[in-house]
Amino acid sequence: MGGRVVTTTDSKLTRKDFTSDREVRWCPGCGDYAILATVQTLLPELGARPESTVFVSGIGCSSRFPYYMGTYGFHSIHGRAPALATGLAITRPDLDVWVVTGDGDGLSIGGNHLIHALRRNMDINILLFNNEIYGLTKGQYSPTSPLGSVKKSTPMGSIDRPLNPVSLALGAEATFVARSIDTDRKHLSEVLRAAYEHRGASFVEIYQNCNVFNDGAFAALKDPDQRDHNQIRLVDGEPITFGPNGEHAIVARGDGTMKVKPTEEAGDRVVIHDPTKDEPTTAFALARLSHNPVGPTPIGVFRAVDRPVYDELLREQLAAAREQQGEGDLAALLGSGNVWDVVS
Amino acid sequence: MSSTVSDDARERTMVQLSSAVVRFAGDSGDGMQLAGDQFTNQTAVAGNDLATLPDFPAEIRAPAGTLAGVSSFQLHFSDQDIHTPGDAPDVLIAMNPAALMKHLAALRSGGTVILNTDAFTKRNLQKAGYETDPREDGTLTDYQVHEVGLTSLTLRALEEHIERGELNKKEAERSKNMLALGLVSWMFSRPIQETVAWLESKFSARPELADANITALRAGWNYGETTEAFVFHYEVKEAKLPPGRYRNITGNQALSYGLVAASVRSGLPLFYGSYPITPASDILHELSALKRFGISTFQAEDEIAAVGSVIGAAFGGALGVTASSGPGIALKAEAMGLAVMTELPMIVVNVQRGGPSTGLPTKTEQSDLFQALYGRNGEAPLPVVAAGSPADCFDAAIEAARIALTYRTPVVLLSDGYLANSAEPWRLPVIEELPDLASVFRFADEQDITDGEFLPYLRDPETLARPWAVPGTPGLEHRVGGIEKEDGTGHISYEPENHHRMTMLRHERMARIADALPPTDVDDPSGEADVLVVGWGSTLGPIRAATRDLRARGRNVARTHIRHLNPLPKDLDDILRSYRRVILPENNVGQLATLLRARTLVDIQSYNRVSGQPFSAGELARTIETLGWGDAS
């Protein structure tokens, strides 16, 4: 890729450098605004550069995200962002590749690409904005809407069981799986920083409020009078407790599942959070504590393990082939196998 | 099999042939493709021109002995240049009754049949649908029949190997294809050294297997030499091919090499994303073994991911290619529309097979032309290039890359199952004489910033290509996507006049491609033809053979073959209008004919056959004669 100019000056970048000149057109009050502001502020802090950053998205409200970033961006087609990001990440190891998707885009029409990008451990960061609704098409239930959701397409209530995005990512053995909340800027920044620094695929579910079609879906985790009772903040190496005074604790049952117990009764049975466990079983059990977040729900990093990264392995194979067989020689390739000469 | 006869030193008759067609047929597990491949290599070394036609079932192992399980390989070789794998075989090797049942009808009257008589058991005859034994009931009276115990001869030849415990009886039997190959090699005076060397290399880890196969091969040759049953053997002299170094190449191999050449000649890394599908998978296999060229191959989770990854790679500045067959292309359609909208260079290969739906996975057809031209939502024009012969797949791939890179557009490259698996001699090109693809594009850089602004849809005035601004370039940060773009800025635009303008620009870009195409070549040696045969894709060989045959019989017939299906050459309309009669044979129900009729209003005579097999030259010659002159002489 000769001839490309990559500026390496240490000039201090700011949010402005990561903001495009396009007018943001989400509905007033949409949770996407908060996520956008957090990402635009965080990237310069991480040392990212606009010219080396690419946001790839699919279709949906969240997928308009790239237009507002002052970076390279690709607003692709429904569900396919992880596929585009894969081709880009394989061929351009010098770039930071982000995928922005939603619950419909990433879990319904694009579910296949999501799980395969995760199991391959592509070096991309996937942000899944989960608002439990189809917003852009004006209010149909989504694959994360609670069972019984009465929406435009389900006047008698939805009859299909929702997906739990974190469970799904863990099932695909994603190497980095986390959850955060649109308006909790500090928590979201911490989670995104960890995702950025992770080698390989990172998956972050962000609970995002759609104030037009599904307002208050995450009230249990966001309302000032409820959130302290319901947010289970996962911290590496810390016992998992929650409640205004840490009065609830997570303990493991004999069958590996987890449950909530009063902290004072739990004693030393309180689970100590360890996202680096190679087996995703414990992280999965944590993910099953809540489905649609109407009660106590873990947020933070569920899993962060170090595994070989697909695009690095692929490039290693290219290097190994050159080392073993020498640089490709076109004339030698074309003339390989049985050849014969015809003379005039 | 026109011939001259001369006496052989060993009281055999050596017959000089101008050309011959040999067909190997047997069970899927009998190694017929392998025997055919080796016979092809020997024939190439003997200096003949050749064309091959492998034909195999979609099932990996259909039930043994049944008609469904028959696999065949046909080779046509000649001392002149030839264009097809031949119509009727002169020699049929039938390894079992099912192979005889399926292929006898194709054999020319008086042709030679070599039967593996060991396989003609009651049960096998029943499985093949024979009520009586064709060896005894008169079925074979029109042919010269050689009943040879290929299985028992093989076992006898390998007796010592079995005694030494190097292989068991079942393993030994598997070498019967080599015994058959040895016999046919003797019949046609083919050198077997190449096959010996190939067996030694293939079984280098198991020398006892190499030795067994070589023993069987030589036993077959010696059987021909010593058995009086074979009175004739044949010789086909070297063909007068243009000077140069040659090799045999199949269409899929040539297409893969063309992509590698495009990468080398453009200086761009090749990214190949694909999902396995017959008959395109060989391209993935070929390219995945060429990592030393810096080629990244990605076996995606599905067809959509394959094309999606290619779009991502193209956005990043790689030469992106995906390949599939009709069903897979259908799945890629939406993403191909995205590639049209984002105006990124890439190649989408369709190795066509029989359709619709799953259709005939291992057979050939040309019925995806309309899919290539129109199979997307909206006005989504893209260039379509078709290869005409196995070796031509190399040049067609380079041409597809040239158009993609010059005009920043996805290009569809059409091959088909016949081209993919057939082989022909290919004169190796001189690398330096291949098109220079590095000069047809450049990556955008700071020069492209005007007044502090970068316009990702500001077009080159000549080609209408937009800048290829790859991530990593400071100052050119921009966003692309599937929503309509504002002319110049590339911003989202829903403005009515802009959409009309952009739609017309996307079409105009196709016209600019046509402006730069070379004049259409019309083959008319007499200069007096008033009948024109038009073709595209893999009908090239049969059409060339048929028109040559007609000319030899005094018919003045012209011929042209279309490489660029979109945009069509600008001079084509006038060419078509200048003939009394225009005939267009296609392995579909008249797709190009429909298109050309609409465009030129010429009353084109369409000839269509959709059997999963290429046209036979004889059938085509008769049809052209009838359509062109109203009668067949």
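**A helix and its surroundings**

Tutor: Happy to. Please keep in mind that this is a predicted model.

Let's take helix α6 of chain A, which covers residues 185-197. This helix has 13 residues, and from its first C-alpha to its last it reaches 18 Å, close to the 18 Å expected at 1.5 Å a residue. Which of its residues are buried? In α6(A) they are A:L188, A:V191, A:L192 and A:A195. If you look down the axis of α6(A), the buried residues fall within an arc of 100°, so they line one face of the helix. Turn to the face pointing away from that buried side and you will find the exposed residues A:K186 and A:E197.

What lies over the buried residues? The cover includes helix α1 (32-46) of chain A, along with the strands β4 (125-130), β5 (176-181), β6 (202-207) and β11 (297-304) of chain A.

Now step back to the whole chain. Chain A has 12 helices and 12 strands, and its C-alpha atoms fill a box of roughly 95 × 50 × 50 Å along the principal axes. Of the 344 residues in chain A, 47% are buried. Among the contacts in chain A between residues at least 6 apart in sequence, 65% join residues at least 24 apart.

Chain A also touches chain B. That contact takes 57 residues from chain A and 61 residues from chain B. On the chain A side, the elements giving two or more residues are β2 (72-75), α2 (81-91), α4 (111-120), α11 (310-325), α12 (330-334) and β12 (339-342). Of these, α2(A) gives the most, with eight residues. Sorted by class, the side of chain A that touches chain B has 27 nonpolar, 22 polar and eight charged residues.

To come back to your helix, the picture to keep is of α6(A) with A:L188, A:V191, A:L192 and A:A195 buried, and with A:K186 and A:E197 exposed on the face turned away from them.

Terms used:
Residues are numbered from 1 along each chain as its sequence is written. Chains are lettered from A and ligands numbered from 1 in the order in which they are written. This is a predicted model: local features need pLDDT of at least 70, side-chain atom pairs count only at pLDDT 80 or more; totals for chains, interfaces and linings use all residues. Helices (H or I, at least four residues) and strands (E, at least two) are DSSP runs, numbered from the N terminus. The expected span of a helix is 1.5 Å times one less than its number of residues. A residue is buried if 20 or more other C-beta atoms lie within 10 Å of its own, exposed if 12 or fewer, and partly exposed in between; C-beta atoms are placed from the backbone. The arc is that of the directions from the helix axis to the C-beta atoms. Two residues are in contact if their C-beta atoms, placed from the backbone, lie within 7 Å. Ala, Val, Leu, Ile, Met, Phe, Trp, Tyr, Cys and Pro count as nonpolar, Asp, Glu, Lys and Arg as charged, and the others, Gly among them, as polar.
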